Amino acid sequence: MDREQTHMTLRTYLIEEAYEVVEALESGDDAKFAEELGDLLLQVVFHSDIAKGEGRFGAAEVIQGIHDKMVRRHPHVFGEKRARDAKSVLRVGRK
């Protein structure tokens with residue numbers, strides 16, 4: 001990765017890529033949507049690599065964090081709890 005880039009110098013690109021994902025989604029062009037999701041993912045990888053180089057965290061910790069959050073927030077999907085409908089999903093996820 002480019003040694004001169006920092007989280008702060010890349011922040012504009014992170015935001016720009018997120019907006020481009022939304023635009024591609026709204027366009028209905030799946031190829032463009034996939035391309036823009038890839039560009040956004042590159043930003044996540046880039047930021048993770050910079051943080052890893054600083055001894056802070058890496059892509060593995062980012063992935064583990066989102067995994068843990070999904071399991072915690074959606075026990076009706078990943079755990080033993082069951083939800084009857086959308087309203088009960090919200091109640092199950094808070095417990």
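Modeller: A residue is exposed when its relative accessible area is over 50%, buried when that area is under 20%, and partly exposed in between (1.4 Å probe, protein chains only). This is a predicted model, where local features need pLDDT of at least 70 and side-chain atom pairs pLDDT 80 or more, while totals for chains, interfaces and linings use all residues. Numbering runs from 1 along each chain as its sequence is written, and side-chain values use heavy atoms, with hydrogens and water left out.

Biologist: Fine, then why is R56 called exposed?

Modeller: R56 has 53% relative accessibility, and the cut-off is over 50%, so the label "exposed" holds.

Biologist: What makes the R56 and E54 pair a salt bridge?

Modeller: The rule asks for a side-chain nitrogen of Lys or Arg within 4 Å of a carboxyl oxygen of Asp or Glu. The side chains of R56 and E54 come to 2.6 Å, N to O, so the pair passes. As for cover, E54 comes out partly exposed, at 45%.

Biologist: Where do K32 and E35 lie?

Modeller: Both sit in helix 2, residues 30-53. Helices here are DSSP runs of H or I with at least four residues, strands are runs of E with at least two, and both are numbered from the N terminus. K32 and E35 are three residues apart, about one turn of the helix. E36 and K32 are four residues apart in helix 2, again about one helical turn. In general, an α-helix has 3.6 residues a turn, so residues three or four places apart point the same way.

Biologist: How do you know whether E36 is buried or exposed?

Modeller: E36 has a relative accessible area of 4%, which is under the buried limit, so E36 is buried.

Biologist: What is E36 in contact with, leaving aside its neighbours within four places in sequence?

Modeller: Contact means heavy atoms within 4.5 Å. On that rule E36 is in contact with E17, E20, V21 and A24. Among the buried residues of helix 1 are E17, V21 and A24, and helix 2 is part of what covers the buried residues of helix 1.

Biologist: Which residues does F33 touch, not counting those up to four places away?

Modeller: F33 touches V21, A24 and L25. F33 is found in helix 2 and is partly exposed at 23%. Its C-alpha atom is 8.2 Å from that of E23, which lies 10 residues away along the chain.

Biologist: What makes a nonpolar patch out of L41, L42, V44, V45, F57 and V62?

Modeller: Patch members need over 30% relative accessible area and no salt bridge; nonpolar side chains (Val, Leu, Ile, Met, Phe, Trp, Tyr) are joined within 5 Å, and like charges within 9 Å. Take F57: it has 32% relative accessibility, so it clears the area cut-off, though it still counts as partly exposed. F57 sits in the loop between helix 2 and helix 3 (59-73). Helix 2 gives the most to the patch, four residues. Together the patch has about 460 Å² of accessible area, by the Shrake-Rupley method with a 1.4 Å probe, where for residues only the protein chains shown count as cover.

Biologist: And how many helices and strands does the protein come to?

Modeller: Five helices and zero strands, running α-α-α-α-α from the N terminus. Buried residues make up 17% of the 95 residues. The protein exposes about 7400 Å², with carbon and sulfur atoms supplying 58% of it.
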